[in-house]
Amino acid sequence: MGRRERKKAATRQALADAALRLFLERGYDAVGVRDIAEAADVSVTTLFKHFPDGKEALVFDEDADREAALVAAVRDRPVGQTVLQALRGLLHEERSRQVRTDPGFTDFLRLVDTTPPLREYGRRMWLRHENALAAAIADDAGLPADDPGCQALAHFALDAVALVHGRPDAETALDRVFVLLESGWSGMTGPGDAGGRER
């Protein structure tokens, strides 16, 4: 990375750090883009050059590499590992790493959980990777890129993160969602139980 790229990355990180700190201190609604720009010692114009989507995008700055990681999980998984096992492993590892290495991760989750615009933005941001993941799954399976089954699998695998978000048993809940995706409803119920009354 050259000097110019390093400077841009440092400015972007300073803006994201300032935004998160101010949101946690004052609350999301009490902080404007001008406050964030001033805290990072840049102009509002510079802020929007780095974050054209506005305030919400500042909170989710680390999203840039997620799509590549999701596609790589499908394409580069070990022989014998299913697509869903690879995706479940990636999502577990990512969550575990954040909890382990970021002391502010719990505060970040609380901020998102208690701020509807951030919660909705985070959900939209995560699901926008759906098409790239669906294409990777279809390519791996030798199916057409627009195969509805691959699209559904990508959609529900990604949406699993939002479904378990904020739960005290998030790791176990994520596993349960992936068991359903891998095995269908019969995998969620006991032997001889079709999940409902006999008709």
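## Helices α1 and α7

The axes of helices α1 and α7 come within 11 Å and cross at roughly 70 degrees; such axes are lines fitted to C-alpha atoms, for helices over the stretch in contact, with angles running from 0 to 180 degrees between N-to-C directions. The two helices α1 and α7 are therefore roughly perpendicular to each other, where 65 to 115 degrees counts as roughly perpendicular, under 35 as roughly parallel, over 145 as roughly antiparallel and the rest as oblique.

## Model and overall fold

The model is predicted: local features need pLDDT of at least 70 and side-chain atom pairs count only at pLDDT 80 or more, whereas totals for chains, interfaces and linings use all residues. Residues are numbered from 1 along each chain as its sequence is written, and side-chain values use heavy atoms, with hydrogens and water left out.

The protein chain has 11 helices and 0 strands, following the pattern α-α-α-α-α-α-α-α-α-α-α along the sequence. Helices (H or I, at least four residues) and strands (E, at least two) are DSSP runs, numbered from the N terminus. Of the 199 residues in the protein chain, 35% are buried, that is, under 20% relative accessible area, with exposed over 50% and partly exposed in between (1.4 Å probe, protein chains only). Among contacts between residues at least 6 apart in sequence, 59% join residues at least 24 apart.

A pair of aromatic rings is described by the distance of the centres and the angle of the planes. Rings of Phe, Tyr and Trp (its six-membered ring) pair if their centres lie within 6.5 Å; planes under 30 degrees apart count as stacked, over 60 as edge-to-face and the rest as tilted. By this rule there are 3 aromatic pairs. The ring centres of Phe60 and Phe108 are 5.9 Å apart and their planes stand at 75 degrees, so this pair is edge-to-face. Because Phe60 lies in the loop between α4 (55–59) and α5 (66–75) and Phe108 in helix α7 (residues 105–113), the pair ties together parts that are 48 residues apart in sequence. Both Phe60 and Phe108 are buried.

Phe60 and Tyr121 form a tilted pair, 5.7 Å centre to centre with 35 degrees between the planes. Tyr121 lies in helix α8 (residues 116–127) and Phe60 in the loop between α4 and α5, so this pair ties together parts 61 residues apart in sequence. Tyr121 is buried, as is Phe60.

## Charges over rings

The charged end of Arg12 sits over the ring of Phe51, 4.2 Å from the ring centre. Likewise, the charged end of Lys55 sits over the ring of Tyr28, 4.0 Å from its centre. The criterion is NZ of Lys or CZ of Arg within 6 Å of the ring centre and within 35 degrees of the ring normal.

## Helices α9 and α10

The axes of helix α9 (residues 130–141) and helix α10 (residues 148–164) come within 8 Å and cross at roughly 130 degrees. Helices α9 and α10 are therefore oblique to each other, and α9 passes α10 in a right-handed crossing. Residues making the contact include Leu133, Ala134 and Ile137 of α9 and Leu153, Ala154 and Leu158 of α10.

Notes. A crossing is left-handed if the near helix is turned anticlockwise from the far one by less than a right angle, and right-handed if clockwise. Contact means heavy atoms within 4.5 Å.
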